[in-house]
Every structure is written in C-alpha cells, then in structure tokens.
Amino acid sequence: HWRTVGHIELGLRTLAGREGWPPSREGEPLTRCLTAAAARGVAVASERSTRLNGAPAALLLRLSPWAAAAGRKGRGAPLLIAGFDPDSGLDAALCAAGYTPVHWRRFAATASDAAAAPWPPPAEHGAPYAGCVARWPWYAAGDAAAMLLHAVASVLPRGAPLWVAGNADEGAEGAAGALAQSVGPATL
C-alpha cells in the first residue's frame, strides 16, 4: 500500500543521521526501492480512481436520458452539469442534443477550476436551466447528497429533469430516497 511505504520511507529519512543510525543517501538501494514502490502504488490508486470517477459519466453517455427531452427545450438551452470532473465526451453529447453545458462543482478538479463554487450559478441571460445531470457525491453521500440536491433544486425550474448518476459503492442506490426527501418522487 502506497501510504505504508511512504510512512516507512519518511521514518527512515527522519531517523537517518540520528545517534546510532547511519546518514541517509538518496541513492541507497532501500530508499530507491521504497520510492519506486510508493510511485507504483500511487499510479495504481490514480488509475482506479480515474476508472471509478469516470463510470457515472460513461453510464450517462450509454443511456443518454436527455435525448428524449432535448427536442422540446430548444437549441442551446442551458443544462447544469453538477459535480462531474471535466469530461469532454459528456459535454459533446449534451451539445449534440442541443444543450449548452454549464458546469458546477463544489470542489475544484484542478488548481484553476472556474466551475468550482459554493453554489451553482443561475442560468445566463434569464433562460432557465433545461435540466441537470448530477454526480452522486463520492465523498460520504448522506448530508453531502442532500446539499447537492438542495443546491441544484434551487436553480432548476419546477418540473425540470434531474438525472443523477454515481457508483453503487458510493451509496448511489440511496438516490431515490434522497431525491424524494429533497425534491419529490423519483424513479430509478
């Protein structure tokens, strides 16, 4: 596990040079081995994270739930994308269906994430959002899910569709119950 390796390496570096411990040298075989093991662990964790975080968007792309509603909303209608990491495929599919994607994330995806804000922006030019595609919160759903749903409901017009996608191991099966408490009856 990369964290364990990191702790061992940090401990060895901290002890190096103290009484009874030899000084550490960057090129030592043990240090090189630990550094390489930690780098491999971080790469594996990053790949898994990317795969898991991309699954909800991939599901939405396969199902395209917005396709049926697109014709009655008009070309270029704004559609809120809440909580998703940047995904050019999702943006392209929504644009192809006649929507203008508007991104909002409570947490920044990069150091200069223009979509990161405490609350979703109102739709521009007075046009209401045609709907919302929301990412079920991966970070301990419960209150975070209630907050997400409250936030997007505050900017959606009554009756606008809200499509929620997430992973089962993140608690996404609880979406119908959370939606019922926040915005009314929901179907999965």
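Leaving out residues within four places in sequence, D113 is in contact with R105, F107 and A108. These contacts belong to a predicted model. D113 sits in the loop that runs between strands β2 (99-104) and β3 (131-135).

**D113 and its surroundings**
- D113 has a relative accessible area of 13%, which is under 20%, so D113 counts as buried.
- The side chain of D113 makes a polar contact with the side chain of R105 at 2.8 Å.
- The D113 side chain also reaches the backbone nitrogen of A115, at 2.9 Å.

**Salt bridges**
- Side chains of opposite charge can pair when their charged atoms come close.
- The count of salt bridges in this model comes to two.
- One of them joins D113 to R105, with the closest N and O atoms 2.8 Å apart.
- R105 is buried, because its relative accessibility of 7% is under 20%.
- D113, the partner of R105 in this salt bridge, is buried too, at 13%.
- R135 forms a salt bridge with E170, and here the closest N and O atoms are 2.7 Å apart.
- This pair links distant parts of the chain, 35 residues apart: R135 is in strand β3, while E170 is in the loop between β4 (162-165) and α6 (175-182).
- R135 is buried, with a relative accessible area of 4%.
- E170 is buried as well, with a relative accessible area of 15%.

**A130, in the loop between β2 and β3**
- A130 is located in the loop between β2 and β3, the loop that D113 also lies in.
- A130 counts as buried because its relative accessibility, 4%, is under 20%.
- A130 and L79 are 51 residues apart in sequence, yet their C-alpha atoms are 5.3 Å apart in space.

**S64, in the loop between α2 and α3**
- S64 is placed in the loop between α2 (29-63) and α3 (67-70).
- Most residues other than glycine have a negative phi.
- The phi of S64 is near 40 degrees, a positive value in a residue that is not glycine.
- S64 has a relative accessible area of 26%, which lies between 20% and 50%, so S64 is partly exposed.

Key
Residues numbered from 1 in each chain as written. Predicted model: local features only at pLDDT ≥ 70, side-chain atom pairs only at ≥ 80, totals over all residues. Heavy atoms only, no water. Helix = DSSP H or I, 4+ residues; strand = E, 2+ residues; numbered from the N terminus. Buried < 20%, exposed > 50% of the residue type's maximum accessible area, 1.4 Å probe, protein only. Polar contact = N/O pair within 3.5 Å; in protein donor to acceptor, adjacent residues only side chain to side chain. Contact = heavy atoms within 4.5 Å. Salt bridge = Lys/Arg side-chain N within 4 Å of Asp/Glu carboxyl O.
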